[in-house]
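Biologist: Before we go through this model together, I would like to learn how each feature should be read. Could you take me through it step by step?

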Amino acid sequence: MNIVVGGAQWGDEGKGKLIDILSEKTDITARYQGGNNAGHTVVVGDKKYVFHLIPSAILRKEKICVIGNGVVIDPKALLVELEELREQKISVSSKRLKIAANAHVILPYHRILDGLRESKRKNKIGTTGRGIGPCYADKVTRCGIRMIDLLNPKVLKAKLEDNLREKNEIFRKVYGQKSFPFGDIYKEYLDYGKKLRSYICDTALFLNKAIDEKKTVLFEGAQGTFLDIDFGTYPFVTSSNSIAGGVSAGTGVAPTKIDQMISAVKAYTTRVGEGPFPTEFSTHLKDDIRTKGKEFGATTGRPRRCGWFDSILVRYAVMVNGTTELAIMKLDVLDELKKIKVCVGYRYKGKIIKDFPLDLEVLQNVKPIYKELDGWQKPISGIRKFEKLPKNAKKYIDFLEKILETRIKYISIGSKRDEIIIR
Ligand code: GDP
Ligand code: IMO
Ligand code: MG
């Protein structure tokens, strides 16, 4: 089975934990989009690891990890991540990590532009400031620099000169900033090329050969459906296709070779950065759930905005991802609540809306319609069988399954590897 795991909300659903668990039974894990804007947490024993570019299966020593062509790579950040793994005595040889030669590279001017563009915007997006948007923009405008270019001094020189000519004018004339000197970046990036050379290859070829040899691949999505460049709450989104449809373009593995799509969702909703969020808490629950769920960004440390589960969003996510199974994460965070609400519709100008509205103006002004359920008010992290869950926790899961018309196969009840119920 080749399986996609993606987020069905605004990211941070717990994809890292799920990938770590599922990768026990698959051979290869491949990232297909995003970059080091992602922060995927894996907790093993009392150790916590946060991965930004390296797939979350890397802790399993016999597994292979791939950074696909759809990912934008900041080589500096990647080398830091590799070094951190080395310090933890986790060796990452070129047998274990493959980086797409045709993946695009984040350069210092992308990071700076990300911040400058954000500073000029009236309506801020709240980007992670990692240079993701400007790098994808260069890819699409056909002036991007790819990983393979770092291995060819002549090509890198020509492309970098071209880019700096244009970017430096923008820096000076639009933003009143200093120019970037060619020499420093050229030297720095040639050096990254040398350090990463052994990992760089044609990952589409590698993945397809492996699939032909009956190896199984897990595709690790970053961000979530409502941060997707096409289906998210545009412009408050990231710059790539995080939905399952992004897998083929981001790895070169055709849709006909993908068997399953698992969407991860939190038992409630969170969002980092700006943008509409109809079910956001306005009461003390805002702080209670943030504290209990440790809702602070794994990449930027920003406090995450928290709210009730929104079935209108997730139903739409199930549709655009073709979700075959759902994983409900962080159910334990709701343990203490007396009453739990689920958004089952939106009210807008006297009308009831049941489908996610693409018009942001509408989404920003809807009033959620809630179904209220009783809480279970018992700790559930020690439970390993669905039948053993408190009656009201089972009712909550059953209700979500019914309203989302999708099987909930995984229920996560703690951050650790074994804190999961598989049905
Ligand atoms: P990702 O970006 O989707 O991989 O998610 P993050 O790692 O950014 O955020 C999820 C957070 O929730 C991490 O701190 C995880 O360790 C934690 N987590 C994952 N599953 C559970 C769970 O079932 N219960 C609790 N309490 N924490 C969880
Ligand atoms: P994971 O993979 C949550 C958000 C940012 C911002 C918007 C655009 O850990 O779920 P960008 O830097 O991509 O241009 O920022 O997207 N964002 C995320 N929010 N989880 C993520 O990744 C995110 N990656 C980007 O906060 O609102
Ligand atoms: Mg995250």
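Biologist: Which residues in helix 1 are buried?

Modeller: Buried means under 20% relative accessible area, exposed over 50%, and partly exposed in between, with a 1.4 Å probe and protein chains only; helices (H or I, at least four residues) and strands (E, at least two) are DSSP runs, numbered from the N terminus. In helix 1 the buried residues are Lys15, Gly16, Lys17, Leu18, Ile19, Asp20, Ile21 and Leu22. Eight of the eight residues are buried, so helix 1 is largely enclosed by the rest of the structure. Please keep in mind that this is a predicted model, in which local features need pLDDT of at least 70 and side-chain atom pairs count only at pLDDT 80 or more, while totals for chains, interfaces and linings use all residues. Residues are numbered from 1 along each chain as its sequence is written, chains are lettered from A and ligands numbered from 1 in the order in which they are written, and side-chain values use heavy atoms, with hydrogens and water left out.

Biologist: How many residues surround ligand 1, and which are the closest?

Modeller: A residue is near a molecule if one of its heavy atoms lies within 4 Å of it. Ligand 1 is surrounded by 19 residues, the closest being Gly14, Lys15, Thr41, Asp332 and Ser412. A polar contact is a pair of N or O atoms within 3.5 Å; a backbone N or O atom of Lys15 lies 2.7 Å from an oxygen atom of ligand 1, and a polar side-chain atom of Lys330 lies 2.9 Å from an oxygen atom of ligand 1. Ligand 1 taken alone exposes 580 Å², of which the protein buries 92%, where accessible areas come from the Shrake-Rupley method with a 1.4 Å probe. Helix 1 (15–22) and strand 3 (40–44) are the elements that give two or more residues to this shell.

Biologist: Which residues come nearest to ligand 2?

Modeller: Of the 20 residues around ligand 2, the nearest are Asp12, Lys15, His40, Thr128 and Thr238. An N or O atom in the side chain of Lys15 is 2.7 Å from an oxygen atom of ligand 2, and the protein covers 97% of the 550 Å² of accessible area that ligand 2 has on its own.

Key: A polar contact is a pair of N or O atoms within 3.5 Å; within protein, one must be able to donate a hydrogen and the other to accept it, and residues adjacent in sequence count only if both atoms are side-chain atoms.
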